[in-house]
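The entries follow the order in which I looked things up.

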2 protein chains.
Amino acid sequence: MAERADLDVVGIGNALVDVLSHADDKLVTRLGLVKGTMSLVDEPRAREIYEATGPGVEISGGSAANTIVGVASFGGRAQYIGKVSNDQLGEVFGHDLRSTGVLYDTRPAKGGPATGRCLILVTPDAQRTMGTFLGASVQLGPGDIDTRLIASARIIYLEGYLFDPPAAQEAFRAAAGLAHAAGRKVALTLSDPFCVDRHRAAFLDLVERHVDILFANEAEICALYQVSDFDAALSRVVGHCEIAALTRSAKGSVLVGGGKTHVIEAHPVQSLVDTTGAGDLYASGVLYGLSRGLDLAACGRLGSLAAAEVISHVGARPMVPLSSLTGSVIG
Amino acid sequence: MAERADLDVVGIGNALVDVLSHADDKLVTRLGLVKGTMSLVDEPRAREIYEATGPGVEISGGSAANTIVGVASFGGRAQYIGKVSNDQLGEVFGHDLRSTGVLYDTRPAKGGPATGRCLILVTPDAQRTMGTFLGASVQLGPGDIDTRLIASARIIYLEGYLFDPPAAQEAFRAAAGLAHAAGRKVALTLSDPFCVDRHRAAFLDLVERHVDILFANEAEICALYQVSDFDAALSRVVGHCEIAALTRSAKGSVLVGGGKTHVIEAHPVQSLVDTTGAGDLYASGVLYGLSRGLDLAACGRLGSLAAAEVISHVGARPMVPLSSLTGSVIG
């Protein structure tokens, strides 16, 4: 039996600063990027993309970090683990996390690559296409995972992207093992269909053996099971893990768990500006709800609410406290 | 007689990256800042302010740099002179300028202080309050002023803020002298009422002897002449320089020149989000108009148009090409 949990959620991911700029579809194609997805790029390629894009806005990002900020914004007690360098963008990343109430004390790397950056091209249809230079985030290793910290959180949340740097894979498995040993829940987001392609066998094994709560969008869950339609994927995921929360953009989301399937509508959005962070913030609502013992349908509604907030403005983190918006959703 | 001008406007200013965050009036007061104004702060004080503020957005700024980006956005040929450090934020600053079509080749400083930052607290009324750590921008000196470059621009534009770092004062006077020697026009913005208080005697002398085109808002022009109302200031500025363009926020602007006074209404704004950059972009419209030989009233309307665009979103630089908006204003 687990002890009292001091934290609701601990998230582990690649610590990145987003560089957002507007671009047209032609530029996305010319740069060889695939619209709506994330490509890993090395430093020279990151430079090439950066030099081809217009003026940018720098704003802290990182998938799991965005989710953890969302959990804190709902009023949850949350901590983040991820690696920056001791440079200006690393300082920005740490400041922005801590100033939202998230606990964050991963030691910055010294020397080595700069803080990781995600170059995000936002097209006029509000879609985002990403080129990620992982930078210092690859230096996250098992030594950065604090046993007591992991044991103290109801849920540990891992991003699939974290599987790209090899040392982080170890940190990832170590954290999952520690969490289960302490009687905690392990949540995973598949992050991106290309990321699933890169690590399919490992992800299937993880879901089978370690993951209690799985997050994925339609493309990702289809990529995991190598099926071409959502219903086929849905029938596969049932029974594969305790809870699955699957997002379908404007079609809302489907949550399965406890033998039931809940179809949740997307929360209405006045004006769609930038879809960056939609999935990250959806996860924050579900995780917050689960940590507070809400039923699955209510968790899904909180997810939709958070996603709707973040896609109505530029940037992947909420601009108003999510706790101020929940009245209409969970009464 | 001046030779053919290769450039429309060359701007010289403090090169800064803005760090924008939302704040309430209480926080502005608690930090000892004066709402709506700019305070110079040293590095420890900048850190204190930064640590007290919420999550930020990093976006290239600097008053004259914003203006020069506006000139380029109208379709003008523009160059910027200002000093960053060879660090991450310095790279961001250079990228953002060049990617908007502005020429920029001031050599970055090595070692010494980091790239300068302007911490901007945006209150719910869309007003902004600024704490500026000048950083590397103080290292701009006369050696950074290229004689041929100055001689090749129709107008040289200087920001009053540039008077704060002593070495820049020299660069400032050198540039004004070079411009006049080449038969070019010298424009100055007074920047901020506190900045005027710090340098009143020098500014009065500059306006008297060197400035052809003066930009100021109501508070700044009243501070310059130490009068308490706008009409008194207006009567003083007539005859003191060739052209004065005076902004009055929602009340629009007044331009005087050639023995005439033009009262220009503010351009309508659908939703006021963040007033950062309003004065900078107003100046860009007037400068672009003047460089293209438009009459003063049309210059003022271009200024109002550019200001309206920039206060309708976060950040101090236009989000759409200003050249795409001018149809309604200059036909």
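I began with the contact of the two chains, where 20 residues from chain A and 20 residues from chain B take part, two residues being in contact if their C-beta atoms, placed from the backbone, lie within 7 Å. This is a predicted model, in which local features need pLDDT of at least 70 and side-chain atom pairs count only at pLDDT 80 or more, while totals for chains, interfaces and linings use all residues. Residues are numbered from 1 along each chain as its sequence is written, and chains are lettered from A and ligands numbered from 1 in the order in which they are written.

H4(A) gives the most, with five residues.

I then looked up H3 (residues 63–73) and H11 (residues 278–291) of chain A, whose axes come within 8 Å and cross at roughly 45° (axes are lines fitted to C-alpha atoms, for helices over the stretch in contact, and angles run from 0 to 180 degrees between N-to-C directions). H3(A) and H11(A) are therefore oblique to each other, since angles under 35 degrees count as roughly parallel, over 145 as roughly antiparallel, 65 to 115 as roughly perpendicular and the rest as oblique. Among the residues of H3(A) that meet H11(A) I listed Asn66(A) and Gly70(A).

How values were computed: Helices (H or I, at least four residues) and strands (E, at least two) are DSSP runs, numbered from the N terminus.
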